[in-house]
Amino acid sequence: MKKLLLTMLLLKALYTQVPGSDPEYAQGAIERNELAHREIARFVWLIEVPEPGDRDEWRRRLNAAVDTTHGAFEVVDASDEERRRVECGEITLQK
């Protein structure tokens, strides 16, 4: 049986925390979705998702894993520079 290779896409997840809520809550949402990721700034993660990598779908998935009383995610395309840094190993993703 042939094993299919998934092509992955790099997106950026930005989390807006509700003041006073647990900041680790966002990290848990990414981990619950079993995404390779790296936090590159406070509440900003690069995430690797299978193509086609629909930003709206991943925003919905991540927000489904957090209670709105804690915060919310926005998902955008990673920049060319961020993709380059991941591809060359300067930024390593973890799962």
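A residue counts as buried when its relative accessible area is under 20%, as exposed when that area is over 50%, and as partly exposed in between (1.4 Å probe, protein chains only). The model here is a predicted one, so local features need pLDDT of at least 70 and side-chain atom pairs count only at pLDDT 80 or more, while totals for chains, interfaces and linings use all residues. Residues are numbered from 1 along each chain as its sequence is written, and side-chain values use heavy atoms, with hydrogens and water left out.

Now for the charged pairs. A salt bridge is a side-chain nitrogen of Lys or Arg within 4 Å of a carboxyl oxygen of Asp or Glu, and the structure has eight of them. Arg61 takes part in one, pairing up with Glu57 at 2.5 Å, N to O. Both partners belong to helix H2, where they sit four residues apart, or about one turn of the helix.

Arg59 is partly exposed at 25% relative accessibility, and Asp56 is partly exposed at 41%.

Over in helix H3 (residues 80–87), Asp80 and Arg83 are three residues apart, again about one turn of the helix. The closest N and O atoms of their salt bridge are 2.3 Å apart. Arg83 is partly exposed at 27%, whereas Asp80 reaches 59% and counts as exposed. Elsewhere, salt bridges with shared partners link Glu81, Arg84, Arg85 and Glu90 into one network.

Some charges gather without any such pairing. Asp22, Glu24, Glu31 and Glu39 form a patch of negative charge on the surface. Patch members have over 30% relative accessible area and no salt bridge; like charges are joined within 9 Å, and nonpolar side chains (Val, Leu, Ile, Met, Phe, Trp, Tyr) within 5 Å. Glu39 belongs to strand S2 (residues 36–41) and is partly exposed, with a relative accessible area of 37%.

Conventions. Accessible areas come from the Shrake-Rupley method with a 1.4 Å probe; for residues, only the protein chains shown count as cover. Lys and Arg count as positive and Asp and Glu as negative; His and the chain ends are not counted. The place of a charge is taken as NZ of Lys, CZ of Arg, CG of Asp or CD of Glu. Helices (H or I, at least four residues) and strands (E, at least two) are DSSP runs, numbered from the N terminus.
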